[in-house]
Amino acid sequence: SDERSALICVAVPEKDLLLENESQRKSLFFIAISVFIIGLLLVLTFTWIYNYLLGKKIKPERTEKSLLSTIKKGENSHLEFKSSLRWDFHNSTANRKLEEVILKSIAAFNNSEGGIVMIGINDKGEVLGLEHDYRTLKDGNKDNFELHLRNLVNSAYGVEYSANNMTISFPRVKGIEICLIEIKKGETPLYTMITDKHGEKQEKFYMRSGNSSQELPKLSEITTYINKRFDLKKH
């Protein structure tokens, strides 16, 4: 026999080659997409963890000791005590007029440099808690209390303000639950609707002065204050 190598050629249809190439391209595409998604999830996860830990360092949890120290110092330009949201301790009944007082304090801090309203603490710094307020609400507890409070703020100042400009928490002091409202320094002024003794509602402007929320009664005073306090050109 001839000592020649036999070359064997296998004919593969062109359409099968195209199908195989298409399949490979799809596989590579799905692998690339999977790698991208996994990478993105890892980046987002590590970013969230980093921001969470950084946030903890910047703003540590309030301890009972720190709260007691704050309460002991008394009210000031950044702190106000309120006995209740809507329970009238003098008349032993619910009084919705008191809700306007809370709204007035929120607006005053917004219109000044920001601050904290503590509900469940009286003017003397005594811890009263929220049980009386809870009883005035259906299925009274802190969740319904917060919902009611946010609904009041939503109605007075808008949902966006409630979501972005204040935080609500329920720490315990001496084993008693209180409400802490932390209000940011506002970027825009807030006006508050207050019910007068005749039942008529009037729009008022409040700001923080010392340890109390003060009304600016004159339009000229309001205009001057707003021009100094807020940069309205941004809005």
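This is a predicted model: local features need pLDDT of at least 70, side-chain atom pairs count only at pLDDT 80 or more; totals for chains, interfaces and linings use all residues.
Reader: Why is Arg86 called buried?

Author: The relative accessibility of Arg86 is 9%. Buried means under 20%. Therefore Arg86 counts as buried.

Reader: Where is Arg86 placed?

Author: Arg86 is in the loop between E1 and strand E2 (87–88).

Reader: What makes the pair of Arg86 and Thr136 a polar contact?

Author: The two side chains meet at 3.0 Å. A polar contact needs a pair of N or O atoms within 3.5 Å, one able to donate a hydrogen and the other to accept it. The pair of Arg86 and Thr136 is listed as such a contact.

Reader: Which residues are in contact with Arg86, leaving aside its neighbours within four places in sequence?

Author: Among them are Arg96, Glu99, Asp133, Leu137 and His148. Contact here means heavy atoms within 4.5 Å.

Reader: How do you describe the packing of H3 and H5?

Author: Two packed helices are described by the angle between their axes and the distance between the axes. Helix H3 (residues 97–111) and helix H5 (residues 142–157) pack at about 65°. Their axes are 11 Å apart. The crossing is right-handed.

Reader: Which residues of H3 and H5 meet?

Author: From H3 come Glu99, Ile102, Leu103, Lys104, Ile106 and Ala107. From H5 come His148, Leu149, Leu152, Val153, Ala156 and Tyr157. By class, this contact has nine nonpolar, one polar and two charged residues. Glu and Lys count as charged, and Tyr counts as nonpolar.

Reader: What makes E1 and E5 edge strands?

Author: The open sheet has four strands in the order E1-E4-E8-E5, with mixed pairing. Strand E1 (79–82) and strand E5 (166–169) each pair on one side only. Neighbouring strands are turned by 15° against each other on average, direction ignored.

Reader: How do you know that E1 and E4 pair?

Author: Pairing takes at least two bridges. Four bridges join E1 to strand E4 (residues 115–119). Therefore they count as paired. The two strands run parallel, and Leu79 stands opposite Ile116 in E4.

Reader: In what sense do E9 and E10 pair?

Author: Strand E9 (residues 192–195) and strand E10 (residues 201–204) pair in the antiparallel sense over four bridges. Thr195 stands opposite Lys201 in E10. The hairpin has five residues between the strands, and Gly199 takes a positive phi near 85°.

Notes: Residues are numbered from 1 along each chain as its sequence is written. Side-chain values use heavy atoms; hydrogens and water are left out. Axes are lines fitted to C-alpha atoms, for helices over the stretch in contact, and angles run from 0 to 180 degrees between N-to-C directions. A crossing is left-handed if the near helix is turned anticlockwise from the far one by less than a right angle, and right-handed if clockwise. Buried means under 20% relative accessible area, exposed over 50%, partly exposed in between (1.4 Å probe, protein chains only).
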